[in-house]
Structures are given as structure tokens and as C-alpha cells.
Amino acid sequence: MGDKFQLIHDVSPGTAGWTVKVVVAEKFSPRVAQRSPTKYQNLILMDSEGSTVQATLYGQNITAFQDELILGKTYLISNALVKETNAEYKAKSGEMQWTISGRTRIRRVEENNSNLLISTYSFTDFEDLPKYMDSNVDISIVHY
């Protein structure tokens, strides 16, 4: 019997009993908030349709989940706090934001979703990066 799960766009504030299968598509370095001493870390999670959601960890949850949410790996996530994204704080486009806490259930799924990531992003060899130095292109460095 397979797990039942929704897609990212099926989850909104007030949705109960949801589980979404996602790949950790981006994982940003932890930072300190501009207006408070709170430390936070953003992740971009992607479902099988290529939809994304920004997920945020705060404070001690960054350390608690650092070995659990690995770039490129697949997870079943449920019970994260879902809220509408404040445009001032969003790392990527999207209407919802998930906050991952100690109440969030996360289970790793042994599944290779590298095809999904490759089909969604455009990769460039490191040697070709100088071409993009003066352009307005978002660049992330991924190493495997």
C-alpha cells in the first residue's frame, strides 16, 4: 500500500491531515533576522509537478533538522505550520510558506528525484560562470 499525499498547491492555512512528498530543491545558509536576534533558515521544497514552497526553520530547529533535510533528497512532510507568505520576507515566489518545527513530521523516502531537479533548473559548468557575472541571473552553487 502506498502513502497518500497531496501536492503543494493542495495545502493552505487550515488544511488538516495533509502529507506532501517533496524534494529539498534549495537549502539556504542560516541567517540572523534584520530586526531581531532570531536565527532562521529557508528551504525551497518541490513536489512531483515542479511546484515549490518556501519552508522556514527558526532557532534550535535549524540544528535539530540539519541532518534530516538534505539537498536533493525526498521526504514526506506533514503538520508544518502553513501561512500566507509575507512578500517582505519571501525567498522565492509563492503564496504559502511552511514553518517547520518540532511538531512537523518528516520521513525520508528512498527515491531518486534528480530528474525533477534537472528538468526544473538550468545547470552550467563552473568554468562558464564568468559569462554571467554582469547579468541579472540568480545563481546557486550545487555540489554533489
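Which residue in β3 stands opposite V32? In this predicted model, the residue opposite V32 is K39 in β3.

## Overall architecture

The protein chain holds 2 helices and 8 strands. Their order along the sequence is β-β-β-β-α-β-β-β-β-α.

Of the 144 residues of the protein chain, 32% count as buried. The exposed surface comes to about 9,800 Å², and carbon and sulfur atoms supply 48% of that area. Among contacts in the protein chain with a separation of 6 or more, 59% come from residues 24 or more positions apart.

## Strand β3 and its partners

With β1 the pairing is antiparallel over 4 bridges, and L43 in β3 is the bridge partner of K27. Strand β2, residues 31-32, also pairs with β3 in the antiparallel sense, here over 2 bridges. β2 and β3 form a hairpin, with 6 residues between them.

Strands β3 and β4 run antiparallel and are joined by 7 bridges. One of the residue pairs is M46 with T52, the latter in β4. These two strands also form a hairpin, with 5 residues between the strands, and G50 there takes a positive phi near 90 degrees. S48 is found in the loop between β3 and β4. With a relative accessibility of 55%, S48 counts as exposed because the cut-off for that class is over 50%. The C-alpha atom of S48 is separated by 7.1 Å from that of V22, a residue 26 positions away along the chain.

Is β3 mostly covered or mostly open? It is mostly covered, as 6 of its 8 residues are buried.

## The nonpolar core

The largest nonpolar core has 21 residues, of which W18, L45, L69, I77 and W98 touch the most other members. The elements that give two or more residues to this core are the strands β1 (19-27), β3 (39-46), β4 (52-58), β5 (74-78) and β7 (96-100), together with the helix α1 (60-65).

## The aromatic pair

How many aromatic pairs does a search of the whole structure find? The search finds 1. The ring centres of W18 and W98 are 4.9 Å apart and the planes stand at 40 degrees, so the pair is tilted. The two residues belong to distant parts of the chain: W18 lies in the segment before β1 and W98 in strand β7, 80 residues apart.

Both tryptophans are buried. W18 has a relative accessibility of 5%, and W98 has a relative accessible area of 0%.

S78 is found in strand β5. Is S78 buried or exposed? S78 is buried, because its relative accessible area of 5% falls under the 20% cut-off. Leaving aside residues up to four places away in sequence, S78 touches W18, T19, T104 and R105. W18, one of these contacts, is also a member of the largest nonpolar core.

N79 is placed in the loop between β5 and β6 (81-84). Its phi is near 65 degrees, a positive value in a residue other than glycine. Most residues other than glycine have a negative phi. N79 is partly exposed, with a relative accessible area of 40%.

## Salt bridges

The structure has 2 salt bridges. In one, the side chains of K21 and E111 meet at 3.0 Å, N to O. E111 is partly exposed, at 34% relative accessibility.

Which side chain meets that of E110 in a salt bridge? The partner is R108, at 3.7 Å, N to O. E110 counts as exposed at 68% relative accessibility, whereas R108 is partly exposed, with a relative accessible area of 36%.

Terms used
Residues numbered from 1 in each chain as written. Predicted model: local features only at pLDDT ≥ 70, side-chain atom pairs only at ≥ 80, totals over all residues. Heavy atoms only, no water. Core = buried A, V, L, I, M, F, W, Y, C linked by side-chain atoms within 4.5 Å. Buried < 20%, exposed > 50% of the residue type's maximum accessible area, 1.4 Å probe, protein only. Contact = heavy atoms within 4.5 Å. Areas by Shrake-Rupley, 256 points an atom, 1.4 Å probe, with all protein chains shown as cover. Phe/Tyr/Trp six-rings, centres within 6.5 Å; stacked < 30°, edge-to-face > 60°. Pairing = 2+ DSSP bridges. Salt bridge = Lys/Arg side-chain N within 4 Å of Asp/Glu carboxyl O.
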